[in-house]
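Subject: Structure handover and what was found in it

Dear colleague,

Please find the structure below, followed by notes on what was found in it.

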Amino acid sequence: MREALGFAAAGILAYAVDLALFTWLRGPAALEPLTAKAISFVAACSVAYVGNAYGTYRHTEHRGRGLRPYAVFFAVNAAGALVQLLCLAVSHYGLGFTSQRADTVSGAGIGMVLATVLRFWGTRTLVFRNEGRVGSWTG
């Protein structure tokens with residue numbers, strides 16, 4: 001439970017950074033949407049990594065040295081973002097649910113839940129490990 005709560009806290013903080021930075025980059029900084037989102041995504045991944053590395057998983061061993069753990073963490077988060085986009089694309093273009101509400105439910109609702117499960121599993125399995133973990137749902 002402590003692990004899930006720590007992971008959630010780091011994720012909420014990262015989400016706040018992503019949203020605030022994206023809003024500022026699109027507004028006062030006047031960047032294009034994809035550029036602003038790319039920058040805010042990298043910043044949010046960095047915040048989430050630091051929160052997990054020095055908070056949630058501070059007592060575990062990082063897999064690899066140097067930038068490797070961050071690169072794997074970034075890849076796991078990018079995979080999560082792709083899951084959200086895939087949910088949105090299937091709902092909007094495949095199933096024809098084109099309202100703003102449907103897009104929000106599929107991308108930010110269902111997609112976020114599936115992406116969070118993937119990110120949690122990937123972070124604890126591929127980035128940080130605890131050799132003594134007992135009762136892990138990942139086996």
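Helices H1 and H2 are roughly antiparallel to each other, a label given to angles over 145 degrees, where under 35 is roughly parallel, 65 to 115 roughly perpendicular and the rest oblique. The axes of H1 (residues 2-26) and H2 (residues 33-56) cross at roughly 155° and come within 8 Å; helices here are DSSP runs of H or I with at least four residues, numbered from the N terminus, while axes are lines fitted to C-alpha atoms over the stretch in contact, with angles from 0 to 180 degrees between N-to-C directions. By class, the contact of H1 with H2 has 16 nonpolar, 6 polar and 5 charged residues, where Ala, Val, Leu, Ile, Met, Phe, Trp, Tyr, Cys and Pro count as nonpolar, Asp, Glu, Lys and Arg as charged, and the others, Gly among them, as polar.

Before going on, please note that this is a predicted model, in which local features need pLDDT of at least 70 and side-chain atom pairs count only at pLDDT 80 or more, whereas totals for chains, interfaces and linings use all residues. Residues are numbered from 1 along each chain as its sequence is written, and side-chain values use heavy atoms, with hydrogens and water left out.

In the loop between H1 and H2 sits Ala30, whose phi is near 55°, a positive value in a residue other than glycine. Most residues other than glycine have a negative phi. Ala30 counts as exposed at 58% relative accessibility, exposed being over 50%, buried under 20% and partly exposed in between, with a 1.4 Å probe and protein chains only.

H1 and H4 pack at an angle of about 115°, their axes being 12 Å apart, and are therefore roughly perpendicular to each other. From H1, the contact is made by Glu3, Ala4 and Phe7, and among the residues of H4 that take part are Phe120 and Thr123, contact meaning heavy atoms within 4.5 Å.

The largest nonpolar core has 13 residues; such a core is a set of buried Ala, Val, Leu, Ile, Met, Phe, Trp, Tyr and Cys residues joined through side-chain atoms within 4.5 Å. H1, H2, H3 and H4 (100-127) each supply at least two of its residues, and the largest share, 4 residues, comes from H2. Phe73 is one of the residues with the most contacts inside this core, and, not counting residues up to four places away in sequence, Phe73 touches Cys45, Ala48, Tyr49, Asn52, Thr123 and Val127.

Best wishes
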